[in-house]
Amino acid sequence: ENGNFHNNDFFGGNLKGIEEKLDYLESLGVEILYLSPINLSTVRYDRYAATDHMEIDPIVGTFEDLDRLHKKALSKGMYLILDVAFNHCCSDNPIYLDALNNPNSVYRDWFSRDENGNIRFWDGFSDMPEFNLWNQDYQNYVYGENGVIAKYSKYVDGFRLDLAEALPPFFLEGIRTRANK
């Protein structure tokens with residue numbers, strides 16, 4: 001009602017737990033393992049609003065855990081798909097906090113603003129500031145040579161994009177091109 005929503009209940013396992021169940025999943029004929037977002041998110045345990053896109057939530061595991069899971073899944077003929085959200089982040093994301101509090105921040109233009117210059121929030125949720133998808137530096141952060149997609153592509157076979165219908169075609173193409181590299 002007032003724009004605040006916190007999904008602070010943790011439902012789910014972790015990467016090691018999935019790895020432990022690979023034999024069982026294989027016996028069921030599973031060929032694709034779909035992971036909800038695993039990015040660090042200190043406020044929302046659904047992790048669709050990342051505090052840090054470049055880090056895995058420690059509750060979920062580590063990059064070493066993800067690497068091991070990926071390799072073992074592939075050895076069993078299973079592919080790993082990772083859900084990622086690039087339309088918005090969490091209000092405790094250091095990039096957002098710098099943009100909000102530092103008038104000289106290099107991140108100020110990384111966020112979508114209304115006609116009065118106020119940062120927009122996804123669907124009115126006051127803990128989910130919207131990214132400016134037309135900002136070249138933000139695009140590089142997502143799908144540049146050292147961006148999020150490049151970092152995670154080593155560990156997964158594909159991505160599911162949260163709210164892909166709201167991403168402009170050039171942004172989707174940038175993600176696809178980087179992921180395919």
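Start at the second largest pocket, whose lining is made of six nonpolar, three polar and two charged residues. You are looking at a predicted model, so keep that in mind as you click along.

**Stop 1: the pocket**

Select Ser-153, Val-156, Asp-157, Gly-158, Phe-159, Leu-161, Leu-172, Ile-175, Arg-176, Ala-179 and Asn-180 to see the lining. E5 and H7 each provide at least two.

**Stop 2: along helix H7**

**Stop 3: from strand E5 to strand E4**

Next, select Asp-83 and Arg-160, whose side chains meet in a salt bridge of 3.0 Å, N to O. This pair links distant parts of the chain, since Asp-83 belongs to strand E4 and Arg-160 to strand E5, 77 residues apart.

**Stop 4: a network of charges**

Now show Glu-19, Asp-65, Arg-68 and Lys-72, which are linked in a network of salt bridges. Within it, the side chains of Glu-19 and Arg-68 meet at 3.0 Å, N to O. Glu-19 is in helix H1 (residues 15-20) and Arg-68 in helix H3 (residues 63-75), so this pair ties together parts 49 residues apart in sequence. Glu-19 is buried at 15%, and Arg-68 is partly exposed at 32%. In total, the structure holds eleven salt bridges.

**Stop 5: a nonpolar patch**

Switch to a surface view and pick Ile-32, Tyr-34, Leu-74 and Tyr-79. Together they form a nonpolar patch with about 410 Å² of accessible area. Tyr-79 is in strand E4 (residues 79-84) and is partly exposed, at 47% relative accessibility.

**Stop 6**

Most residues other than glycine have a negative phi. Asp-123, however, has a positive phi, near 50°. Find Asp-123 in the loop between helix H4 (94-101) and helix H5 (136-143), where it is exposed at 59%. Leu-163 has a positive phi too, about 55°. Look for Leu-163 in the loop between strand E5 (158-161) and helix H7 (169-180); this residue is buried, at 17%.

Notes: Residues numbered from 1 in each chain as written. Predicted model: local features only at pLDDT ≥ 70, side-chain atom pairs only at ≥ 80, totals over all residues. Heavy atoms only, no water. Helix = DSSP H or I, 4+ residues; strand = E, 2+ residues; numbered from the N terminus. Buried < 20%, exposed > 50% of the residue type's maximum accessible area, 1.4 Å probe, protein only. 1 Å grid on protein atoms, 1.4 Å probe; cavity = no way out; pocket = protein on both sides within 12 Å on 5 of 7 lines; lining within 4 Å. Nonpolar A, V, L, I, M, F, W, Y, C, P; charged D, E, K, R; others polar. Patch = residues over 30% accessible without salt bridge, like charges linked within 9 Å, V, L, I, M, F, W, Y side chains within 5 Å. Areas by Shrake-Rupley, 256 points an atom, 1.4 Å probe, with all protein chains shown as cover. Salt bridge = Lys/Arg side-chain N within 4 Å of Asp/Glu carboxyl O.
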